[in-house]
Amino acid sequence: MKNNKERVLKYLTGLMAEDQKTAFENECKNSDELSHLIEKYRGNLSTLKEMGIADVDERYFINLLPGLMTRKEKRNRHSFIVRFVPVIPAVAVLIFILINVFYFDISIPYSYEKILAETIADSDSGTIDQLVSQYSASLIDEYLLDDETLVEYFETLDNSEVELSVQFNYQVTDNYYDYDDLSEDNIEIIYKSLLNKKIL
Amino acid sequence: MIEDKDFELINKFIEGSDSAFNELARKYQTKIYWHARRMLGNHMDADEITQEVLLVLYKKLKSFNFNSAFYTWLYRIVTTRSLNMLNRKKLKKFIFIDDEEVSELKSHNDIVKNIDDKEKLAKLGKVLKKLPVKQREVFVLRNFDELSYEEISDITGKSVGGLKSNYFHALKKVMELMENEK
């Protein structure tokens, strides 16, 4: 019986070679058991197939495609935004670089101003000393003038005093050994820049 | 003849006709859905696969090479996606305990409203679920989608001999299950 079942299954699944198949079909004609089994298995398969057929809500299939297209459009919009997300940091970096380049092009770095302040403070010139003492000696403390103090200090000077400072620039540089790598041209640029910025 | 019509629609779509795509999608959407449903056993997963497949179809149809029948190419996408989902679900089941609420939701959203039909499908699902995935795949393609071994071979990339063997074991198990139920 078991052997017959397997043979029927082999027959139904097409696992028999052509000659085996013909022999089996001839055998079935004379065997009620085999023909009954074939009928039974075929019946089971069609029952199973029928079990898979069901009435469905047709609206699902009608709405499937339009719904899908809406979803696709949403996805496209989303992907458009997503596509630009990696560009944002790049643009930010670019803007940062441009701002910095632009800033350095038009201004003198803080360190030069400090150097200048320290240079002036260290000067042996009596005139500079007089300028300093006009405001307050405490503002210049061992070369440590902060930016704001320097601005405040130079704002107190009148035009003639500013002129005097410019005239003294070579002497100031010569006297300050720590900054002897500061060229005369740079000193002049610094003074002019400070004048432009109304620091001097 | 069917192939010619499909190829014609694909060519129209490649030329820019969205209505050709709609026609093609409408023609095959039911087959896609039912294949996925038989493989996965519930509406929600089948719906997800159907939508995914239609989206893939829209995206990839322009790269269709006309070397095989359109429906075997389409079935290849559906079976691959369904098998991937089954693997994902297997992994999820291994990590988490199956959520009752999700199962309830799956049956609640079903597009099959008739109770008798629902019961029949549940019975069928129970039988199919007992088959190993590879056997289920062949069984569904052969018995429900009525494809030949050659067509299934084109879809799955397996030899006809291997497929016959898989179908034999699937059929054997299904018959045993049905006999036991009686």
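Predicted model: local features only at pLDDT ≥ 70, side-chain atom pairs only at ≥ 80, totals over all residues.
Chain B comprises nine helices and zero strands. Its elements accordingly follow the order α-α-α-α-α-α-α-α-α when read along the sequence. Of the 182 residues in this chain, 34% count as buried. Among the contacts in chain B with a separation of 6 or more, 67% are accounted for by residues 24 or more positions apart.

The largest nonpolar core contains 48 residues, of which A36(B), L74(B), V78(B), V138(B) and A170(B) touch the most other members. Helix α2 of chain B, spanning residues 18-40, gives the most to this core and supplies ten residues. When residues up to four places away in sequence are not counted, A36(B) touches A46(B), I49(B), T50(B), V78(B) and S82(B). V78(B), one of these partners, is also listed with A36(B) among the core residues that touch the most other members. In soluble globular proteins, nonpolar side chains tend to be buried together.

The contact between the two chains takes 23 residues from chain A and 31 residues from chain B. On the side of chain A that touches chain B, the elements giving two or more residues are α1 (2-13), α3 (32-51) and α4 (58-84) of chain A. By class, this side of chain A has 14 nonpolar residues, together with four polar and five charged residues.

Note on methods. Residues numbered from 1 in each chain as written. Chains lettered and ligands numbered in written order. Contact = placed C-beta atoms within 7 Å. Helix = DSSP H or I, 4+ residues; strand = E, 2+ residues; numbered from the N terminus. Nonpolar A, V, L, I, M, F, W, Y, C, P; charged D, E, K, R; others polar. Core = buried A, V, L, I, M, F, W, Y, C linked by C-beta atoms within 7 Å. Buried ≥ 20, exposed ≤ 12 C-beta atoms within 10 Å, placed from the backbone.
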